[in-house]
Amino acid sequence: PFIPVGAESSGKFLRKVGEFAGVSEFEIEKVIAENEKVYYSYFNDLETFIVTFNNEFAWEYFAVADSNYALGVGSFLTNELGLIPKGIYITDDAKKTYQEKILEYFKQENEQFEEVVFFENDGGAVQRDIRSKQGEDRELILGSSWEKFLARETGKYYASLSLPLTQDFTLNTSYAGYRGGINLLKEITRDIFR
């Protein structure tokens, strides 16, 4: 129902696809194990980074994206990295029936999503809501170029997630799958170093 980001969601996804396609469980688990070996080797490096920069790392986040990426990235940040969602803003103009289904998927992923997911395609309304919920601590804002301006203005960390992206030229970067989780981690930690 959404684009998997990171190991947890990607493993679930591959198991479902393998079952549907009639691929043996042994073969699927072999592929998952190979991908997770590489993926978690990066996590060891991240652990060192977090220990070193603990006071600088963002532990809460806001995400502005379409429903596919919002759910996948939200699940990754909350379930795998342990970050706390403060606001997830879905910019799709989804019908009410789809909104209910999307909210149900969020609830299935983690109960922390229950009060923080909003459907809003008005960028000004999204930014006003983010401003009203920002705290004094380090926070991460994921979104478009509009959210980058907000992050810079308010002293928050930023990672690109949605369009428009006027400051970046992206040819083949994706946050989908195992490699996508690593790409997103790279994007987040790059802004901390800046």
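**Entry 1: Gly135**

I looked up how accessible Gly135 is: at 28% relative accessibility, Gly135 counts as partly exposed, because that class lies between buried, under 20% relative accessible area, and exposed, over 50% (1.4 Å probe, protein chains only). The model is predicted, so local features need pLDDT of at least 70 and side-chain atom pairs count only at pLDDT 80 or more, while totals for chains, interfaces and linings use all residues. Residues are numbered from 1 along each chain as its sequence is written, and side-chain values use heavy atoms, with hydrogens and water left out.

I found Gly135 in the loop between α5 and β4. Helices (H or I, at least four residues) and strands (E, at least two) are DSSP runs, numbered from the N terminus. Not counting residues up to four places away in sequence, Gly135 touches Lys86 and Lys156; contact means heavy atoms within 4.5 Å. I also checked Gly135 against Glu153: they are 18 residues apart in sequence and 14 Å apart in space, C-alpha to C-alpha.

**Entry 2: the sheet**

In what order do the five strands of the open sheet stand? I read β3-β2-β1-β4-β5, with parallel pairing. Two strands pair if DSSP finds at least two bridges between them. The edge strands, β3 (117-119) and β5, each pair on one side only. Neighbouring strands are turned by 15° against each other on average, direction ignored.

I then took the pairs around β4. Four bridges join β1 to β4, and Glu60 stands opposite Glu139 in β4. β4 and β5 also pair in the parallel sense over four bridges, and here Leu140 stands opposite Tyr157 in β5. Both faces of β5 are covered: Tyr157 and Ala159 are buried on one side, Tyr158 and Ser160 on the other.

**Entry 3: helices on the sheet**

I noted that helix α5 (residues 123-133) packs on the sheet and touches β1, β2, β3 and β4. The direction of α5 makes about 170° with that of β2. Helix α6 (residues 145-154) packs on the sheet too, touching β1, β4 and β5, and its direction makes about 170° with that of β5. The axes are lines fitted to C-alpha atoms, for helices over the stretch in contact, and angles run from 0 to 180 degrees between N-to-C directions.

**Entry 4: helix α3**

Is α3 enclosed or open? Twelve of its 14 residues are buried, so α3 is largely enclosed by the rest of the structure. Among the buried ones I listed Ser67, Tyr69, Phe76 and Glu80. At the start of α3, a side-chain oxygen of Asp66 reaches to within 3.1 Å of the backbone nitrogen of Asn68. Just after α3, Gly82 takes a positive phi of about 80°.

**Entry 5: the nonpolar cores**

A nonpolar core is a set of buried Ala, Val, Leu, Ile, Met, Phe, Trp, Tyr and Cys residues joined through side-chain atoms within 4.5 Å. The largest one has 43 residues, and Tyr61, Leu77, Phe106 and Leu142 have the most contacts inside it. Elements that each supply at least two residues include α3 (67-80), β1 (60-65) and α7 (177-193). α2 gives the most, with seven residues. I followed Leu142: leaving aside neighbours within four places in sequence, its contacts include Tyr61, Val73, Leu77 and Leu184. In soluble globular proteins, nonpolar side chains tend to be buried together.

Note on methods
Polar contact = N/O pair within 3.5 Å; in protein donor to acceptor, adjacent residues only side chain to side chain.
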